[in-house]
Every structure is written in C-alpha cells, then in structure tokens.
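Please open the model in your viewer and keep the sequence panel beside it, so that each selection below can be followed in turn.

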Amino acid sequence: MEMEWVRVTRSVYGQTELSGASWDPLLLFVLAGIAIVVLHALYKMTLAPRAKASDSS
Amino acid sequence: MADSRPPAGQDGPAGRVIRHFLADRLFHWIMAISVLILIATGFLPKPEIYGYQFNWGLLGYELNWVPIHWVIGLLLTAAVVFHIVRASIWQSLAAILPGPRDAADAWRIACRAIADRESPPVRQGKYSLAQKLYHLAITVIVLTLIVTGLLMLAKIDTSYWQRNPYFLSSYGWGIVYVLHGYAAMALITLLILHVYFALRPEKLFFTRSMIVGWITGDEYRKTFDDRWQPEQKGSATANGSEPARRPAE
C-alpha cells in the first residue's frame with residue numbers, strides 16, 4: 001500500500017501546492033505508541049530487576 | 001550503592017512531602033483537558049476532508065468544531081505561557097533539563113538491569129531522565145502546535161479580527177499545515193505513552209501526587225536522592241526549595 005506523507009493540491013494557475021499533512025501516517029503513530037507500551041510491559045514482566053520489599057518497585 | 005540516608009522518622013521527611021503545588025496541578029489538568037478536546041476536534045471526521053456534510057448534530061444541532069478548536073487552543077496557549085513563566089522565575093529550570101548526572105544515572109540503571117540486579121534501585125532527582133526526555137519531547141511538540149496554530153488564526157474571521165490569508169505564501173501555509181499535522185500525530189503517540197506510564201503500578205504515586213499534590217516520606221526516601229529537597233506538607237517554608245529535614249530525636 002502506497003502511503004502519502006503530505007497532501008497536495010493544484011492552484012488555479014496549475015501549480016502543485018502543499019496543502020497539509022496526510023493522515024495516512026496517523027496509524028503509524030498510534031502503532032508506535034502501542035508498540036512501545038507492549039515492549040515496556042514485556043520488559044517489566046520478564047527482564048527487569050525485581051523490586052525487593054525494602055526497595056522501590 | 002549503599003543507602004546513606006537515615007531510615008524513616010530520623011532526620012528526614014517522615015510525613016507527606018509536597019511534590020506539586022496547586023498552581024502546577026491546575027496547569028497540568030487544564031492542559032490535559034485542553035489537549036484532549038483539541039485532539040477530538042482536530043481528528044474527528046469533518047466535512048471538508050470526506051467531501052460530504054458530516055452531521056455531528058445532536059437533537060438537530062450541527063456541531064461546528066473550528067471555534068471550539070481555536071478557543072481551546074488559546075486556553076492551552078495561556079496555560080503554557082503561565083507554566084513557562086512560573087517554571088522560569090519561581091521554580092528551577094535545572095530540575096527538568098537533562099544534565100550530566102542524568103547520563104550517569106542512565107548508565108547505572110542499565111548496568112543494574114544487565115549485571116547488578118540485586119543492588120537497590122537507582123535513586124534520581126525530582127524528575128528521572130525518562131521524565132525529563134518526555135517533557136522535552138512534549139515541549140517541542142506542543143510549542144510547534146501552538147506556534148503553527150496561532151499562525152493559522154490569521155486565516156479565520158472572528159469577532160476580534162478579520163482573516164488575512166495572504167499573511168504567508170501558499171507554500172508557507174503548506175509548511176504550517178504539515179508541521180501542525182505531524183506534531184498532532186506525534187502528540188497521539190506521546191499521549192499513549194503518558195497514560196500508560198501514569199497507570200503503571202510502580203508509578204501510581206506520581207499520578208496521585210498530580211491530583212493531591214503530595215507523596216509519602218517513604219516514597220520519597222525510596223525513589224529520590226538529595227538532588228530534590230522537597231517541602232513537607234504543613235511546613236511554613238515556601239516553594240519547595242528549602243530542605244525539609246527534621247532534627248534528629
């Protein structure tokens with residue numbers, strides 16, 4: 001799937017103009033956030049040093 | 001590294017210590033609500049994008065999101081200006097800026113995670129390196145949104161000013177819209193991370209402190225070192241800048 005990064009339009013003079021950000025990357029930003037959450041949660045569940053009763057967690 | 005601080009009740013905060021004063025908590029929650037409204041009014045479907053009249057009408061009333069968006073944007077701008085002035089003059093910018101000791105902390109945290117798992121957790125200043133880096137990212141994103149958003153106010157008619165779309169060239173407006181759009185999308189990522197870390201069990205006392213303003217003396221001693229000298233709740237000292245040490249009994 002080809003992803004657009006910006007939206008372009010044509011002016012009345014036929015020139016290509018930048019009109020704004022494309023919303024195609026929005027899903028990438030959401031998935032990036034979710035990926036970091038999942039990776040951190042997995043790290044805390046498996047690899048992170050365990051907190052002792054006398055330490056902070 | 002051995003804990004050189006005395007145990008609870010002896011020459012250290014034994015009661016609640018103030019982490020966030022009321023003005024700072026109010027700023028945080030005003031900013032939070034503003035951002036959520038701005039995200040909703042910015043990303044929810046709109047007629048000009050989908051090419052049809054999307055009626056958000058409730059009981060026959062059609063919602064126009066544009067005035068809501070820019071008015072709340074001005075509220076966010078005012079809140080951020082208040083925060084910048086307060087943090088620069090009445091508080092310590094050094095507390096939130098990453099520095100060499102944060103790099104040393106990050107190295108110790110990594111070493112502990114890899115090779116020294118039995119040692120006690122690394123204590124840091126009032127804000128950890130992760131919190132400082134997050135704050136830096138949110139600063140860049142929100143300031144980008146505010147500056148581009150304020151520029152875009154020139155393109156709308158209001159009761160207070162007439163629109164001037166020739167303020168920038170077409171290409172210039174395109175850059176403004178691209179920056180505003182990508183900053184808004186990056187804000188979604190940062191929002192997801194912020195809510196996640198705010199709800200992590202070991203971080204809940206941070207979240208509580210943003211509501212009620214304090215953390216317990218025990219939480220302070222377990223998490224922070226002497227880089228943060230807080231004010232104890234109920235003390236007469238001002239602004240959390242003086243040591244809150246109680247005399248040894």
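In this predicted model, begin by selecting helix H5 (residues 129–152) and helix H6 (residues 170–199) of chain B, whose axes come within 9 Å and cross at roughly 145°. The crossing of H5(B) and H6(B) is left-handed. To see what makes the contact, display the side chains on both helices: H5(B) contributes residues including Ala137(B), Ile141(B), Leu145(B) and Met152(B), while the residues from H6(B) include Val176(B), His180(B), Ala183(B) and Leu187(B). Colouring this contact by class gives 13 nonpolar residues, four polar ones and no charged ones.

Next, stay in chain B and select Leu97(B), in the loop that joins helix H3 (65–89) to helix H4 (100–114). Leu97(B) counts as exposed because it has 12 C-beta neighbours inside 10 Å, and 12 or fewer is the cut-off for that class. A distance drawn from the C-alpha of Leu97(B) to that of Lys222(B) spans 22 Å, for a separation of 125 residues in sequence.

Now turn to the contact between the chains, which takes 21 residues from chain A and 23 residues from chain B. On the side of chain A that touches chain B, strand E2 (16–21) and H1 each supply at least two residues, and H1(A) gives the largest share, with eight. That side of chain A comprises 13 nonpolar, six polar and two charged residues.

Finally, select the whole of H1(A), residues 26–46, which reaches 30 Å from its first C-alpha to its last, close to the expected 30 Å. Helix H1(A) is hardly covered, with one buried residue among its 21.

Methods
Residues numbered from 1 in each chain as written. Chains lettered and ligands numbered in written order. Predicted model: local features only at pLDDT ≥ 70, side-chain atom pairs only at ≥ 80, totals over all residues. Helix = DSSP H or I, 4+ residues; strand = E, 2+ residues; numbered from the N terminus. Expected span 1.5 Å × (residues − 1). Buried ≥ 20, exposed ≤ 12 C-beta atoms within 10 Å, placed from the backbone. Axes fitted to C-alpha atoms, helices over the stretch in contact; angles between N-to-C directions. Left-handed = near helix turned anticlockwise from the far one by under 90°. Contact = placed C-beta atoms within 7 Å. Nonpolar A, V, L, I, M, F, W, Y, C, P; charged D, E, K, R; others polar.
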